[in-house]
Amino acid sequence: MISARNLSFAYPARSRPAGGRPAVADVSLDVHRGARLGILGPNGSGKTTLLKLLGGVLTPTSGHVTLDGVPVGRLGRQAVARRLAAVPQDTHPAFDYTALELVLMGRYPHLGAFEVEGARDLAIADEAMAATGTREFSSRYYSTLSGGERQRVVIASALAQQPELLLLDEPTASLDPGFQIEIAGLLGRLHAERGLGFVLSTHDLNLAASLCDSLVLMRGGAVVAAGPTRDVLTRDGIAALYGIDADVGFHERAGHMVVVPVGRIAP
């Protein structure tokens with residue numbers, strides 16, 4: 001579905017330290033339909049930039065991204081948005097919309113110029129809110145919702161785009177453990193029930209362990225390891241990525257691998 005080859009991107013010189021390396025450096029990867037791919041790495045490793053490149057928000061300095069063989073840059077924003085939906089870490093609307101109004105914004109790729117939402121768009125938005133458990137918030141203003149409720153509304157808006165793939169940037173950041181489990185459960189259910197694929201960047205190793213079939217580990221803009229989660233999320237891999245010692249094992253009650261950080265590794 002998405003193919004990235006020798007992908008590099010550097011922000012303008014004024015936005016990075018003198019002599020600083022590119023935000024993304026020579027990254028190649030494939031994302032197939034129904035994929036559950038996690039991108040892990042420390043702060044500044046290029047995770048968010050890579051997501052923006054995959055979604056066509058940023059144009060690579062070198063290399064290319066294709067969607068079913070067609071360069072993303074040739075498709076146009078609306079065509080890309082009918083296939084891929086982005087869920088940012090933080091959403092700050094310019095105005096205080098209701099939850100339903102925000103979800104309906106996900107229909108924009110399917111509307112023509114000056115076209116307004118019709119009955120079908122409302123039905124799709126309502127179905128997206130039902131799937132995310134946010135229908136009860138329809139008339140509430142976005143600003144009155146809790147962090148977990150807001151994130152579910154944003155995911156509902158992405159679902160209203162009827163995409164084939166979600167691109168999620170740290171979807172559980174700043175959420176308490178209850179909401180983290182809730183969002184993880186929602187993503188797992190959407191994949192199981194709809195076959196909806198996703199690529200998510202995260203610092204939460206246990207979220208990645210519970211949701212992702214495969215991982216890409218990034219450091220300094222480059223990929224340092226990639227492959228099935230069970231092969232990549234190891235004690236040595238975590239040590240190389242974050243400089244920490246961690247125990248990694250399968251947890252019977254959780255039903256997936258878990259990571260327990262133990263401490264920093266002495267330099």
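Reply: Start with the contacts of Leu 84. Leaving aside neighbours within four places in sequence, Leu 84 touches Met 1, Ile 2, Leu 54, Gly 55, Leu 67, Gln 161, Pro 163, Leu 165 and Leu 167. Keep in mind that this is a predicted model. Take one of those contacts, Ile 2. Leu 84 and Ile 2 are 82 residues apart along the chain. Their C-alpha atoms are separated by 9.9 Å.

Is Leu 84 buried or exposed? Leu 84 has a relative accessible area of 6%. Buried means under 20%, so Leu 84 counts as buried.

Where does Leu 84 sit? Leu 84 belongs to strand β6. That strand leads us to the largest pocket. β6 gives four residues to the lining of the largest pocket, the largest share. At least two lining residues each come from α1 (47-54), α3 (77-81), β6 (84-87) and β7 (165-169).

How much space lies in the largest pocket? The volume is about 340 Å³. The lining has 18 residues, and the closest to the pocket's centre are Val 57, Ala 85, Ala 86, Val 87 and Leu 167. Leu 167 is also one of the contacts of Leu 84. What kinds of residue make up the lining? There are 11 nonpolar residues, four polar and three charged.

Strand β4 covers residues 62-67. β4 is part of an open sheet of four strands, in the order β2-β1-β4-β5. The pairing in this sheet is antiparallel. β2 and β5 stand at the edges. Each has a single partner strand, so one side of each is left without a neighbour in the sheet. Look at the pairing of β4 with β5. These two strands are antiparallel and pair over two bridges. Pro 71 in β5 is the bridge partner of Thr 66.

Between β4 and β5 runs a loop, and Asp 68 lies in it. Which residue forms a salt bridge with Asp 68? The partner is Arg 33, with the closest N and O atoms 2.9 Å apart. Arg 33 lies in the loop between β2 (24-31) and β3 (36-40), so the pair ties together parts that are 35 residues apart in sequence. Arg 33 is exposed, at 53% relative accessible area. Asp 68 is partly exposed, at 39%. Side chains of opposite charge can pair when their charged atoms come close.

How many salt bridges does a search of the whole structure find? The search finds 11. Here are two others. One of them joins Arg 135 and Asp 126, with the closest N and O atoms 2.9 Å apart. Both ends are partly exposed: Arg 135 has a relative accessible area of 45%, and Asp 126 has 32%.

Another joins Arg 235 and Asp 245, where the closest N and O atoms are 2.7 Å apart. Arg 235 lies in helix α10 (residues 235-242) and Asp 245 in strand β11 (residues 244-251), so this pair ties together parts that are 10 residues apart in sequence. Arg 235 is partly exposed, at 46%. Asp 245 is partly exposed too, at 22%.

Last, return to Arg 33 and Asp 68. Salt bridges with shared partners join Arg 33 and Asp 68 with Arg 83 and Glu 164 in one network.

Terms used
Residues numbered from 1 in each chain as written. Predicted model: local features only at pLDDT ≥ 70, side-chain atom pairs only at ≥ 80, totals over all residues. Heavy atoms only, no water. Salt bridge = Lys/Arg side-chain N within 4 Å of Asp/Glu carboxyl O. Buried < 20%, exposed > 50% of the residue type's maximum accessible area, 1.4 Å probe, protein only. Pairing = 2+ DSSP bridges. 1 Å grid on protein atoms, 1.4 Å probe; cavity = no way out; pocket = protein on both sides within 12 Å on 5 of 7 lines; lining within 4 Å. Points joined across faces, edges and corners; volume = space filled by probe spheres on them. Nonpolar A, V, L, I, M, F, W, Y, C, P; charged D, E, K, R; others polar. Contact = heavy atoms within 4.5 Å.
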